[in-house]
Amino acid sequence: MNRTFLAASLAAVPAAFLYSAAPAFSAEKPNVILIVADDLGYGDISAYGGKIRTPNIDRIAKNGVRFTRGYAASATSTPSRYGILTGVYPWRGNVAILPGDSPLIIPTDRPTIATMFRDCGYRTCAIGKWHLGLGKGNSDWNKPIAPGPSEIGFDYSFIMAATNDRVPCVYFSNGNVVGLDPADPISVNYNKNFPGEPTGKSNPELLKMHPSPNHGHDGTIVNGISRIGFMKGGKAALWVDEEMANVLSGKALGFIRKNKKRPFFMYYALHQPHVPRVPNPKFAGKSGLGPRGDVILEADAQVGELLDLLEAEKLDKNTLIVFTSDNGPVLDDGYADDAVRLAKEKNYSPTGGLRGGKYSLYEGGTRVPFIVSWQGKVAPGVSNVPVAQLDFFASFAELIGGKVPEGLDSQNHLDVFFGAKKQGRENFVIEAQGSLAYREGDYVYIPAHPKKSPVAWATGIETGNAKEDALYKISDIHTPQKENIAGKNPKIVQKMKAAMLEATGGRI
Ligand code: NG6
Ligand code: CA
């Protein structure tokens, strides 16, 4: 289908008039940069009213549509990212948080958002956090590891295998550990330590950042920080957390410089503010909110470097940028970095007042910063139409003339992403730690999950798993979800339950 876009000089005109819904045009091929932060909350950036100043992320918002009801598919990383890349609900395959030695969970014969872009003539890359598994299992980390990003559509990748709190703490470029000395091979084990290797548990005196009680994170020590899991060797290849932003930024900027003459798709998965939060000294102590706030400043500066390069290379008008987060925020996710105390002291809400957070079926789990900008094409503004990251696949396919395979859950809502339409997805199934909830219209229905924990272990976050069905109205921006209105509205509950069963094929 073809479309006509009008220029942003008409920015004063409401978005709905700027983007004509139906007319014919030939597919345009802007560069697309999809920035996905890690555990960044709705209230963590200033464009959303947060206290931490994020002028660069706000630059994207200033030029784009800022969604007040933008959703990740899941309240944790692996399933959320799986949804973005495959366009399929992660709960269909029971996708959950992966250890760092997991095999790739996306079948290589499955079309992904990256193969879709590549088939349309784009150069594609994945930079930063991966967390979708690598190799076939039982990997020899000292040899090229496949399948990985290259086998599911990314021409170039520079990634960490899982999370910054999990071994192996090394970067992988196109399937190879970067900077590996063959004389010092890497071994990884998620069950037991290697004899004689220090851990956070046995050698706390070696730590510069300590694990919180009752979380884990007391395995192998890398850069003075103990991680989840055990690894040995690869000393020359180990990452330095303080430098991670610079390293990833260098790779992202390098990719753009190299591919500026052709359309490119960049999946840019920032590592902040996931634990361990270790800012570059440039940002340490600058936010007043401890390391968690400092690394958000760092992430913002990283985004600034990207935007500056796009401007310098005159690519800014030809590049569609999405900024979002894989799931909601958490204060204590495993390290004693003072985030809880400082948030309390400064009355800081990383969810921006939304209930719950990471791991939660409440809004704080999946309702995240969600900005879409394309200068001159997308009329800047704020939209309260519900949108989902799951829909990037089908929507970008619509934009560039790409193929959407049969059977995806991803839907084309390009008009909504561009701020034009008032009607988006009819419904959306949310997942958190294997539990599901159902959103339709202004309501969210959280079925009773009586056997599951109401609190996400020592994070203290309410999961939304309760003994009874819950119904909440979520029409306003700062949805507190204080009152469960299920009891007063049995008919709506019944309707929502039936609709949910239909949407999930019988799963509740
Ligand atoms: C949890 C970890 C948490 C974090 C999370 C993954 C424990 C107790 N907690 O299992 O620290 O790593 O996994 O976060 O192990 S995510 O953003 O990648 O989903
Ligand atoms: Ca995350």
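**Notebook: helix contact and aromatic pairs**

I looked up where H2 and H6 touch: Pro55, Asn56, Ile57, Arg59 and Ile60 of H2 meet Asp300, Ala301, Val303, Gly304, Leu307, Asp308 and Glu311 of H6, contact being heavy atoms within 4.5 Å. I note that this is a predicted model, in which local features need pLDDT of at least 70, side-chain atom pairs count only at pLDDT 80 or more, and totals for chains, interfaces and linings use all residues. Residues are numbered from 1 along each chain as its sequence is written, and side-chain values use heavy atoms, with hydrogens and water left out.

I next searched the whole structure for aromatic pairs and found 24 (rings of Phe, Tyr and Trp, for Trp the six-membered ring, with centres within 6.5 Å; planes under 30 degrees apart are stacked, over 60 edge-to-face, the rest tilted). I examined Phe67 and Phe417: the ring centres are 6.3 Å apart and the planes lie at 85°, so the pair is edge-to-face.

I checked burial (under 20% relative accessible area, with a 1.4 Å probe and protein chains only). Phe67 is buried at 0%, and Phe417 is buried at 1%. I also recorded that both belong to one aromatic cluster, whose members include Trp130 and Tyr267.

Lastly, I looked for charges over rings (NZ of Lys or CZ of Arg within 6 Å of the ring centre and within 35 degrees of the ring normal). The charged end of Arg355 sits over the ring of Tyr362, 4.1 Å from its centre. Lys377 lies over the face of Trp374, 5.5 Å from the ring centre.

Conventions. Chains are lettered from A and ligands numbered from 1 in the order in which they are written. Buried means under 20% relative accessible area, exposed over 50%, partly exposed in between (1.4 Å probe, protein chains only). Helices (H or I, at least four residues) and strands (E, at least two) are DSSP runs, numbered from the N terminus.
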